[in-house]
Amino acid sequence: LSNGTVAEKEKKRVKNRRQAEKIKGYYQKGIHMAVLPEGTTRTDGRIAEIKSMAYNVSHVIIDGKTYVVPCVPVGNTIDFMASNKPSVFFNIGEPFFYEKRSDSVKEDIAAFASTIRNAFMDLNTVTISQLGGLYLTKLAISKKEFMQI
């Protein structure tokens with residue numbers, strides 16, 4: 001990595017830490033909010049890595065006492081084929097409070113990320129038009145393979 005790239009990454013880390021402190025400050029003031037953990041889906045449908053910032057804003061210290069912020073997983077699916085406008089489907093999961101599982105912060109962050117990831121997987125939504133698109137894609141691939149023989 002060049003020095004510019006390392007400096008750029010550090011600048012982003014500092015910005016993220018400041019943002020996390022702002023979020024915690026809002027919670028301390030009684031302001032409720034939703035935080036989306038650094039992107040959760042990619043165009044191929046895979047759930048992206050849940051990064052440590054999600055864990056960091058889920059634990060707030062007020063007057064020396066640590067409070068765990070309730071987590072509410074929300075799955076969403078955008079269906080571009082359902083109508084002439086994209087349709088968005090939301091599947092709201094059960095709220096939960098993450099309980100510490102390890103004395104190692106790194107291991108606890110990994111366990112938290114796994115809990116969130118599993119919750120997202122449970123909320124996955126597949127639409128009829130997505131299934132139809134998959135069927136047509138497989139059909140086209142099989143026809144292409146058949147034609148090449």
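1. Helices here are DSSP runs of H or I with at least four residues, numbered from the N terminus. N118 sits in one of them, helix α3. Keep in mind that this is a predicted model. The points below follow helix α3 and the residues around it.

2. Start with the length of the helix. α3 has 18 residues, and at 1.5 Å a residue they should span 26 Å.

3. Which residues of α3 are buried? They are D108, I109, A111, F112, A113, T115, I116, A119 and F120. The cover over these buried residues includes α2 and β3 (74-79).

4. Now the largest nonpolar core. This core holds 13 residues, and I50, Y98, F112 and I116 touch the most other members. Both α2 (52-56) and α3 (105-122) supply at least two residues each. Helix α3 gives the largest share of the core, six residues.

5. Setting aside neighbours within four places in sequence, F112 is in contact with A54, Y55, S58, C71 and Y98. Two of these names, Y55 and Y98, return in the next points.

6. How many aromatic pairs does the whole structure contain? The search finds three. One of them joins Y55 and Y98, with 6.3 Å from centre to centre and 80° between the planes, an edge-to-face pair. Y55 belongs to helix α2, while Y98 is in the loop between β4 (87-92) and α3. These two residues are 43 apart, and the pair links distant parts of the chain.

7. Are Y55 and Y98 buried or exposed? Y55 has a relative accessible area of 11%. Y98 has a relative accessibility of 3%. Buried means under 20% relative accessible area, so Y55 and Y98 both count as buried.

8. Y55 also pairs with F112. Their ring centres are 5.6 Å apart and their planes meet at 75°. Planes over 60 degrees apart count as edge-to-face, so this pair gets that label. Y55 lies in helix α2 and F112 in helix α3, so the pair ties together parts that are 57 residues apart in sequence. Both Y55 and F112 are buried. Taken together, ring pairs link Y55, Y98 and F112 into a cluster.

9. D108 raises a question. The residue lies in helix α3, and D108 is buried. What is the nearest side chain of opposite charge to D108, and how far away is it? It is K100, at 5.8 Å. A salt bridge needs a side-chain nitrogen of Lys or Arg within 4 Å of a carboxyl oxygen of Asp or Glu. D108 has no salt bridge. Not counting residues up to four places away in sequence, D108 touches Y55, Y98, K100, R101 and S102.

10. The C-alpha atoms of A110 and I50 are separated by 8.7 Å, although the two residues are 60 apart along the chain.

11. Finish with N118, the residue from the opening. At 43% relative accessible area, N118 is partly exposed. N118 and P73 are 45 residues apart in sequence. In space they are 9.7 Å apart, C-alpha to C-alpha.

Definitions and conventions. Residues numbered from 1 in each chain as written. Predicted model: local features only at pLDDT ≥ 70, side-chain atom pairs only at ≥ 80, totals over all residues. Heavy atoms only, no water. Core = buried A, V, L, I, M, F, W, Y, C linked by side-chain atoms within 4.5 Å. Buried < 20%, exposed > 50% of the residue type's maximum accessible area, 1.4 Å probe, protein only. Contact = heavy atoms within 4.5 Å. Phe/Tyr/Trp six-rings, centres within 6.5 Å; stacked < 30°, edge-to-face > 60°. Expected span 1.5 Å × (residues − 1). Lys, Arg positive; Asp, Glu negative; His and termini not counted.
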